[in-house]
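This briefing goes through one structure by topic. It starts with the contact between the chains and then turns to cores, a helix, salt bridges and backbone angles.

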Amino acid sequence: MRSDDPSLKRLKPPKLTLFEQSYLPQILGGLFVTGRHIVNAAVGTGSLTMEYPEVQHQPSANYRGVHRLNKDEQGRVKCVACMLCATACPVHCIDIVGATAPESWTDREKYCQSFVIDELRCIYCGMCEEACPVDAIELTSFYDLTGLSREEMIFDKTKLLSVYDLTKTAEPMKSGIVAPESSHTNELYTTPTMGPVIERQQLV
Amino acid sequence: MLEILGLLIKISLVVGITQGAVAYLILVERKIAAFAQDRIGPNRVGPLGLLQPIVDGVKMFLKEDVTPGYVNKPIFILAPFLTIVTAMIGFAVVPFGPVGPNGPVLMDGPIQFQIAPGIDIGILYIFAVGSLAVYGIILAGYASNNKYSFLGGLRSSAQLISYEIPMGMSILGMVLLVGSLDLNAIVEWQDKHHVWGIVVQPLGFFIFLICAFAETNRLPFDLPESEQELVGGFHTEYSSMKFGMFFLGEYLHVITVSYLVVILFLGGWDVPFLTDSSQTGWLFALIKISALLGKVLLMIVFVMWIRWTLPRFRYDRLMELAWKRMIPLAIANMVVTATVLQLVRG
């Protein structure tokens with residue numbers, strides 16, 4: 001298009017009056033806006049800050065935090081070691097060792113002997129949760145995950161199951177089945193050891 | 001002998017109080033910054049965060065003091081000291097309370113709330129000292145041997161020189177009206193005529209205010225620092241307490257300039273219908289000191305409020321504002337004032 005094309009629409013900036021050219025009305029308007037914010041935040045409820053350790057942020061229902069391994073009605077791990085989550089994981093942070101299920105477990109052929117997630121490598125995308133055909137792995141609303149070493153942040157099956165025990169009442173399983181209380185008689189489950197994170201959460 | 005002792009007490013009081021005030025002004029600044037952005041601001045150290053300045057100061061002292069190998073060492077060390085010294089000595093002529101024969105009597109004479117009372121070139125002295133402040137900045141920029149710092153130093157020298165001219169001319173109207181360069185005489189004139197400088201010299205007040213912002217390197221005139229373009233400007237290479245001294249210098253400057261604005265245009269210690277210069281005794285001295293202090297504090301809060309309202313000037317606009325707008329306006333203001341005065345007085 002040529003610059004003298006008649007179909008070109010030419011816009012002219014609005015002409016400022018002498019008063020407007022001094023920029024005083026705009027400056028006063030700006031002072032009014034910041035002044036309102038200062039007064040509201042200082043004496044009113046204008047402040048948006050959440051004072052964290054005292055006030056805990058409640059994430060939304062679809063927040064993707066630390067993983068948990070769900071248990072079924074009999075308190076067994078739901079995972080059937082199909083490897084779909086490990087395959088779907090874009091950063092390969094899930095490591096599963098499957099084994100043949102005991103004879104008494106009639107509903108499946110395999111179960112996971114070991115289930116390890118590297119929480120430091122994980123990008124919390126939630127693909128594992130979507131891939132799982134039996135709703136065994138889910139992301140919880142834990143967001144303040146800390147640790148003192150890299151090893152501490154590699155969660156094994158015990159830890160992941162203990163996350164489930166901690167969050168099952170607050171966040172029911174998405175498929176709606178809740179395991180009965182005191183169902184950890186199976187030798188596969190030991191006492192929860194989540195490190196300082198979960199202990200603090202229990203206190204809250 | 002007693003006089004010298006009194007003088008020393010006054011000096012140490014002024015130095016101590018202003019340094020302490022600077023620490024707390026930094027807290028005020030951080031709080032106002034937080035409020036303007038809908039945050040809470042520092043509130044963890046002590047009740048309401050009131051111990052924060054002490055912790056900040058300790059942090060400043062304990063930080064590692066890095067002197068890069070490529071700097072011009074003597075000048076590098078001299079620059080922050082110059083900044084502090086030039087900012088401090090301005091206080092010598094700033095009256096922080098009533099001055100004159102009617103002050104509260106202690107021992108053998110009235111107390112003068114000024115380190116150098118009765119100096120009749122007060123404003124001239126402050127302008128002279130204020131111009132020295134540029135040395136601290138430009139030497140810091142030069143000694144850092146770093147392009148960003150050097151640009152910051154250059155900018156600051158051009159800016160300060162440009163804004164000194166309209167600043168000096170903007171007060172001439174007030175000086176013509178009062179007929180004295182003595183800061184006390186200016187306050188007393190405003191008190192006697194029951195009219196503040198801002199009423200008789202509104203244009204002078206605006207020009208002086210804008211130049212005051214430019215002289216203190218505060219936003220919207222913080223071109224010498226401008227984090228976004230120059231990393232940190234002249235103080236890029238400074239760390240620990242050397243950086244802290246630039247900080248201190250800047251805030252001392254803000255205090256001096258706020259005192260000047262209040263004394264020249266906002267009536268100084270004058271409270272309408274309550275005070276006049278013939279009052280004696282401690283009560284009125286205290287009222288006058290707190291009135292002056294209150295006005296100065298409001299002025300400082302205004303300086304901080306402006307910081308969160310206006311963005312930084314572009315450099316050419318900065319120069320344009322000084323040379324094309326403010327200098328002609330200041331000259332016009334001076335000429336009109338002189339003409340009117342001549343006609344009125346006959």
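In this predicted model, A:Glu54 and B:Arg44 form a salt bridge through their side chains, with an N to O distance of 3.1 Å. Two salt bridges are counted between chain B and chain A.

**Interface of chain B and chain A**

- Nine residue pairs are in polar contact across the interface of chain B and chain A, both residues being at pLDDT 80 or more.
- On the side of chain B that touches chain A, α1 (2-36) and α12 (282-307) of chain B each supply at least two residues.
- By class, that side of chain B has nine nonpolar, two polar and three charged residues.
- Chain B brings 14 residues to the contact and chain A brings 16 residues.
- About 1,400 Å² is buried between chain B and chain A, and carbon and sulfur atoms give 65% of this area.
- B:Phe35, B:Asp38 and B:Trp305 supply 40% of the area that chain B buries against chain A, more than any other three residues.

**Nonpolar cores**

- The largest nonpolar core has 74 residues. Those with the most contacts inside this core are B:Ile123, B:Tyr163, B:Ile171, B:Phe208 and B:Val261.
- Helix α11 (residues 240-265) of chain B gives the largest share of this core, 14 residues.
- B:Ile171 is in contact with B:Ile123, B:Phe127, B:Phe208, B:Leu264 and B:Phe265, leaving aside neighbours within four places in sequence.
- Another core, apart from the largest one, has 24 residues, including A:Val77, A:Cys89, A:Ile94 and A:Ala136.
- In soluble globular proteins, nonpolar side chains tend to be buried together.

**Chain A and its helix α5**

- Chain A has six helices and five strands, in the order α-α-β-α-β-β-α-β-β-α-α along the sequence.
- Of its 204 residues, 33% count as buried.
- For contacts in chain A between residues at least 6 apart in sequence, 71% join residues at least 24 apart.
- How many of the eleven residues of α5(A) are buried? The number is nine, and the helix is mostly covered.
- The buried residues of α5(A) are A:Lys157, A:Thr158, A:Lys159, A:Leu160, A:Leu161, A:Ser162, A:Val163, A:Tyr164 and A:Thr167.
- These buried residues pack against β1 (67-69), β3 and β5 (154-155) of chain A.
- A:Thr167 belongs to helix α5 (residues 157-167) of chain A. A:Thr167 counts as buried because its relative accessible area is 4%, and the cut-off for buried is under 20%.
- The side chain of A:Thr167 makes a polar contact with the side chain of A:Arg68 (2.9 Å), and it also reaches the backbone oxygen of A:Val163 at 2.8 Å.
- Not counting residues up to four places away in sequence, A:Thr167 touches A:Arg68, A:Thr140 and A:Phe142.

**Salt bridges within the chains**

- Over all chains, the structure holds 17 salt bridges.
- The side chains of B:Glu29 and B:Arg218 meet in one of them, at 2.9 Å from N to O. B:Glu29 lies in helix α1 of chain B and B:Arg218 in the loop between α9 (202-215) and α10 (227-230) of chain B, so this pair ties together parts that are 189 residues apart in sequence.
- B:Glu29 and B:Arg218 are both buried.
- B:Arg218 also forms a salt bridge with B:Glu250, at 3.3 Å from N to O. This pair links the loop between α9 and α10 of chain B with helix α11 of chain B, 32 residues apart.
- Relative accessibility is 2% for B:Arg218 and 17% for B:Glu250, which counts as buried.
- The side chains of B:Arg314 and B:Asp316 meet in a salt bridge of 2.8 Å, N to O. B:Asp316 counts as partly exposed, at 41% relative accessibility.
- In chain A, A:Asp72, A:Arg76, A:Asp107 and A:Arg108 are joined into one network by salt bridges that share partners.

**Backbone angles**

- Most residues other than glycine have a negative phi.
- A:Tyr124, not a glycine, has a positive phi of about 55°. Its place is in the loop between β3 (110-118) and α4 (127-131) of chain A.
- B:His194, also not a glycine, has a positive phi of about 50°. B:His194 sits in the loop between α7 (183-192) and α8 (197-200) of chain B.
- B:His194 is exposed, at 66% relative accessible area.

Definitions and conventions: Residues numbered from 1 in each chain as written. Chains lettered and ligands numbered in written order. Predicted model: local features only at pLDDT ≥ 70, side-chain atom pairs only at ≥ 80, totals over all residues. Heavy atoms only, no water. Contact = heavy atoms within 4.5 Å. Buried area = accessible area lost by both parts, 1.4 Å probe. Salt bridge = Lys/Arg side-chain N within 4 Å of Asp/Glu carboxyl O. Polar contact = N/O pair within 3.5 Å; in protein donor to acceptor, adjacent residues only side chain to side chain. Helix = DSSP H or I, 4+ residues; strand = E, 2+ residues; numbered from the N terminus. Nonpolar A, V, L, I, M, F, W, Y, C, P; charged D, E, K, R; others polar. Core = buried A, V, L, I, M, F, W, Y, C linked by side-chain atoms within 4.5 Å. Buried < 20%, exposed > 50% of the residue type's maximum accessible area, 1.4 Å probe, protein only.
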